[in-house]
Amino acid sequence: MPCQIARHLTILSAGLALTSMLLSAQDPQQYPQPQQYPQQQQYPPPQQQYPPPQQQYPSQQYPQAQYPQQPQAYPPQYPQAPPPPMPPQQLDGLVQRIALYPDGLLTQVLTASTFYPQIPDAAGWANQHAYLKGPQLAEAIRADNLPWDPSVIALLPFPNVLNMMAQDMGWTQALGNAVLNQRPELMDAVQRMRQEAYNYGYLRNNEYDRVVMAGPGDIEIVPVNPEMYYVPTYNPYVVFAPPRGPLVGGAIRFGGGITIGAAFAPWGWGHPLFDWRAHSIIIDNHPWGRTWVNHGGYVHPYAEPWRPAPGARMEHHEVRRDEHRDEHHDDRRH
């Protein structure tokens, strides 16, 4: 009997040992826990690398401003080296605000822009004498012995145009540099803008101007009355883009008429026009030949050359600072 009990105790001990081994094999603590990875780093959203495009050249609604009567030091004189050429898209933006001007007025704006240091002083004089019109204005120009280039004096009947140029001298200087350095490309840009405005239905004949298809890709804008100019006012973001509705009338407005007669012949109003195919500006039947190379000494052969008399500029007329009424006061629709 004792032997039998001992045998059973041996079997029981072996069973307990086996059970212990099996339980040890299934114990989860014997295995390493899965590797814990750190959470992925949260990065801030990507920032816009470039600022949104800003309107480089504002639309033509400009507040009136007074300019000092004496010449200003700004902007600086012409740089020694020409600026880098502008690509076509940049030239398009440069000319948008003036591309729909009648050709005669546009020639004066382009040529005057090359004398951009004179523009602020001329704008001030034009504002102070805006009550003078026609022959009376021409006589005041002579009496005051104004010293500016004839192309700048030619804009004195248009104080609002001079205001626009004087209030944005960065644009005026860029335009003048392009006229001197990239005239063919600049004139092509004018034609591209005119073609867009025509294709979208904004540029059409009206009671003030005629739109003339002068050749493949050439659009001329000429006054109905050769001695009466009306300055168009428009938003470039409207007239050079597809219409947003069925109606396109009213996008181009016109101010009161400005009479340009024989009294202004000494300042380049003897048939100013463009030869679009030859990329030439014609003033008084001669190509206007001022370029970056010769701009320091070029003198255009005007039919009736304007030469200020020896001596200082003088003021012989009443100066009215508070009664300025420019050509856009009487605003008319297309």
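**View 1. The bridge between I283 and H286 in the predicted model.** I283 has H286 of β9 as its bridge partner, where strands are DSSP runs of E with at least two residues and helices are DSSP runs of H or I with at least four residues, both numbered from the N terminus. β8 and β9 run antiparallel and are joined by two bridges, and two strands are taken to pair if DSSP finds at least two bridges between them. This is a predicted model, in which local features need pLDDT of at least 70 and side-chain atom pairs count only at pLDDT 80 or more, whereas totals for chains, interfaces and linings use all residues. Residues are numbered from 1 along each chain as its sequence is written, and side-chain values use heavy atoms, with hydrogens and water left out.

**View 2. Two loop residues with positive phi.** Most residues other than glycine have a negative phi. H279, in the loop between β7 (273-275) and β8 (280-283), is not a glycine and yet has a positive phi of about 55°. D284, which lies in the loop between β8 and β9 (286-287), likewise has a positive phi of about 55° without being a glycine. With a relative accessible area of 23%, H279 is partly exposed, while D284 counts as buried at 4% relative accessibility; buried means under 20% relative accessible area, exposed over 50%, and partly exposed in between, with a 1.4 Å probe and protein chains only.

**View 3. The covered helices α3 and α4.** In α3, 11 of its 11 residues are buried, among them D103, L105, L106, V109 and L110. Helix α4, residues 119-128, is also mostly covered, with 10 of its 10 residues buried, including I119, D121, W125 and Q128. The elements that cover the buried residues of α4 include α3 (103-113), α5 (134-143), α6 (150-153), α7 (159-167) and α8 (169-181), where contact means heavy atoms within 4.5 Å.
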